[in-house]
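Subject: Structure handover

Hello,

Here is the structure I promised you. Please open it first, then read my notes below.

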Amino acid sequence: MSILVGYLCVIRSYHRVALFEQEDFSWQLRTHSTHDATTHLNARVDAARLIMEYVLSGSDPHAYVSSGLLFTDRNGKPALFDWSRFDKISFEARCFPAGTIRVGLATFDDKLSKPDVLMTYRSPTAYINCNQDGARAELDLAHLTIPEWWVDMNKLNPSDLGYSLAKVAQIEVGTSNASRFGTPSRIEIAGIEMHERKYGYLYFLAAFLILAWAGFGFWFVKQCAAALANDLHARMQKDLPLVAYQQLTLEPHREREKSAILRLLATRYADPELDLETVVSETGVNRNKVNDILKAEMGYTFIGYLNKLRLTEASRLLVENTSASIAEIAYSVGYKNSSYFNKLFKEEYECTPKAFREVCKKEAREPAP
């Protein structure tokens with residue numbers, strides 16, 4: 001889902017506007033050429049296509065012809081268009097014969113340009129190759145080039161090559177120094193489109209991804225918490241036979257020593273002074289046999305079984321006696337050192353006593369499904 005939404009948002013963020021379909025767009029066709037009577041130019045706009053038919057002649061090696069769409073307002077007066085939101089312009093170029101053509105803009109410079117005098121406007125330009133088959137050309141509006149002759153004519157510093165797209169007066173198409181002389185030629189420019197980025201779609205995508213992944217993270221954490229709660233609940237159920245507040249059920253034992261050891265531990269586990277020597281002394285069973293009996297009957301050594309009893313009782317108190325501190329509970333089940341109690345509890349339940357209490361509280365608050 002995220003991939004689909006991301007794809008759609010990215011695709012829609014690349015927006016195109018046909019030049020001739022822009023609102024309030026109007027224009028006048030203007031032509032320019034060298035002053036040579038033998039150079040001919042016929043230019044027109046037909047079905048949103050700029051068409052130039054010309055013959056370059058004469059002895060001037062810099063002879064040229066060009067046609068421009070001069071932007072106008074509703075009253076037919078020259079107007080300036082704000083193209084700063086656009087980053088590219090594309091069109092289909094077709095040339096007969098094949099050659100190199102020039103495509104440029106006329107942009108108004110507040111410090112330099114004189115209204116209606118296009119030669120004083122900055123003229124960022126690019127050159128493209130085209131042929132009879134036609135090809136889609138795309139120009140980066142931020143990286144066009146100011147002609148050197150224009151910089152020299154206006155006596156500017158050679159490094160002063162910047163321009164602004166906030167006030168565009170004209171788009172122009174013309175020949176280049178590589179154009180053929182004495183050959184009937186034709187240039188067609190069609191499908192002129194302005195490209196812009198609709199960043200609103202990208203902002204929406206970023207917000208969507210943040211919310212989607214935050215939701216997933218919340219769900220994932222909740223699932224993990226539920227799994228932990230279920231695991232802790234299962235551990236508590238498994239340890240019920242060891243809980244000291246219930247009557248300890250013992251399978252019949254033939255040997256008196258077994259019953260004596262288990263009964264003593266079940267009733268005295270909360271005594272912090274209880275140790276193996278105490279059990280040996282009060283039951284009369286030697287040290288090695290105490291461990292052997294506990295290992296065979298319960299699967300623990302003396303210390304392991306004693307800690308199991310204490311930690312099981314501690315888990316019950318953590319849930320039922322919420323007003324008691326962790327240290328108080330540790331002491332009540334036989335531990336003098338709360339840090340040691342925390343260490344043993346974490347090894348047993350894979351979480352701290354505090355986290356255990358919080359998980360069990362949350363499980364109790366949530367309604368059963």
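Start with strand β7, which gives 4 residues to the lining of the largest pocket, the largest share. Helices (H or I, at least four residues) and strands (E, at least two) are DSSP runs, numbered from the N terminus.

First, some ground rules. This is a predicted model: local features need pLDDT of at least 70, side-chain atom pairs count only at pLDDT 80 or more, and totals for chains, interfaces and linings use all residues. Residues are numbered from 1 along each chain as its sequence is written, and side-chain values use heavy atoms, without hydrogens and water.

Now the pocket. The largest one holds about 620 Å³ of space. A pocket here is an open set of points on a 1 Å grid over the protein atoms alone, where a 1.4 Å probe fits, with protein on both sides within 12 Å along at least five of seven lines; lining residues have an atom within 4 Å of a point. The volume is the space filled by probe spheres set on the points, which are joined across faces, edges and corners.

Next, the strands. β6 (residues 86–96) pairs with β11 (residues 185–197) in the antiparallel sense, over 9 bridges. Pairing requires at least two DSSP bridges. Cys 95 stands opposite Ile 187 in β11. β6 also runs antiparallel to β9 (residues 135–140), with 6 bridges. There, Glu 92 has Arg 136 as its bridge partner.

Last, look at helix α7 (residues 302–320), where Lys 308 is found. Lys 308 counts as buried because its relative accessibility is 8%, and buried means under 20% relative accessible area (1.4 Å probe, protein chains only).

Best wishes

Terms used
Buried < 20%, exposed > 50% of the residue type's maximum accessible area, 1.4 Å probe, protein only.
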